[in-house]
Amino acid sequence: MTQMDGRPVVVLLSDEKARERVVRAADRLFYARGIQAVGMDALRTESGVSLKRLYRIFASKEAVVEEVLGRRHVMWVNGLAAATDEVGSPRDRLLAIFDFLGTWFEEDDFRGCAFINSFGEMGGTTDSLAEIVRSHKAGFQDYVAGLVAEAGAPEWLAPQLAVVAEGAQTTAAIAGDPEFARHARRAAETLIDAAMHVRAPEGVTTAMP
């Protein structure tokens, strides 16, 4: 942006707006390239926030990563809740998890789960980051467990559905194929129906121990 005389207009950002720019830039770069491949200089260039100010807002790159994952967690929780709240029966709410994954997998910039990716890069060396990832995953497991309880299904169904969902995220990212959300949904249907004691055609009740 320039003034009438051709001189550049200096835009002064509040710390809050500067912080937002850095986090948005970091989210894009970390997700696309990986955390370790992106330095603070790259964040400065992408965000337009000076390096001095960047370090004033965030004491370290680790702090930026934690902020990015915190926001990703909120996005995940809100998106998942919106997807499952829109459907009727408890069984359908469980399956809506996999419909939610399917929509996500089809996004052009899908690169898998940011939490799994982060843990793979830094989980073994950065305890604070590992704890954030564990907390996020535990929250998802608890959410699934709540839906399972609403459906009146046995407790063992929840961790099994969570594992299917987690596996779908990783496999879809590696294969670059969103179809794995549908494979996972069909597997989930089989597990749910077994848990809910759906009767087989010959009249024998199927149930898992």
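Reader: Hi! Where is Arg53 found?
Author: Arg53 sits in helix H3, residues 51-57. Helices here are DSSP runs of H or I with at least four residues, strands are E runs of at least two, and both are numbered from the N terminus. This is a predicted model, in which local features need pLDDT of at least 70, side-chain atom pairs count only at pLDDT 80 or more, and totals for chains, interfaces and linings use all residues. Residues are numbered from 1 along each chain as its sequence is written, and side-chain values use heavy atoms, with hydrogens and water left out.

Reader: Thanks! Is Arg53 buried or exposed?
Author: Arg53 counts as buried because its relative accessible area is 18%. Buried means under 20% relative accessible area, exposed means over 50%, and partly exposed lies in between, with a 1.4 Å probe and protein chains only.

Reader: And what does Arg53 touch?
Author: Leaving out residues up to four places away in sequence, Arg53 touches Leu13, Ser14, Asp15 and Ala18. Contact here means heavy atoms within 4.5 Å. Arg53 and Ala18 are 35 residues apart in sequence, and their C-alpha atoms are 8.5 Å apart.

Reader: What about Lys137, buried or exposed?
Author: Lys137 is buried, with a relative accessible area of 13%. This lysine lies in helix H7, residues 127-151. Not counting residues up to four places away in sequence, Lys137 touches Cys113, Phe115, Ile116, Glu166 and Gln169.

Reader: Let's zoom out. How many helices and strands are there in the chain?
Author: The chain has nine helices and zero strands. Of its 209 residues, 37% count as buried. Among contacts between residues at least 6 apart in sequence, 64% join residues at least 24 apart.

Reader: Which residues have the most contacts inside the largest nonpolar core?
Author: Those are Phe30, Leu43, Val64, Leu94, Leu157 and Leu161, in a core of 57 residues. Helix H5 gives the most to this core, with eight residues. A nonpolar core is a set of buried Ala, Val, Leu, Ile, Met, Phe, Trp, Tyr and Cys residues joined through side-chain atoms within 4.5 Å.

Reader: Which residues is Leu94 in contact with?
Author: Setting aside neighbours within four places in sequence, Leu94 contacts Val144, Leu147, Val148, Ala151, Leu157, Leu161 and Ile192.

Reader: New topic: what volume does the largest pocket have?
Author: The largest pocket has a volume of about 480 Å³. Its lining has 19 residues, and the closest to its centre are Tyr31, Arg72, Met75, Trp104 and Glu107. Helices H1 (15-33), H4 (61-85), H5 (90-105) and H6 (114-122) each give two or more residues to that lining. A pocket is an open set of points on a 1 Å grid over the protein atoms alone, where a 1.4 Å probe fits and protein lies on both sides within 12 Å along at least five of seven lines; lining residues have an atom within 4 Å of a point. Points are joined across faces, edges and corners, and the volume is the space filled by probe spheres set on them.

Reader: And which residues lie nearest the centre of the second largest pocket?
Author: Phe30, Tyr31, Gly34, Ala114 and Asn117 do, out of 15 lining residues. About 170 Å³ of space lies in this second largest pocket. The largest share of its lining, five residues, comes from H1.
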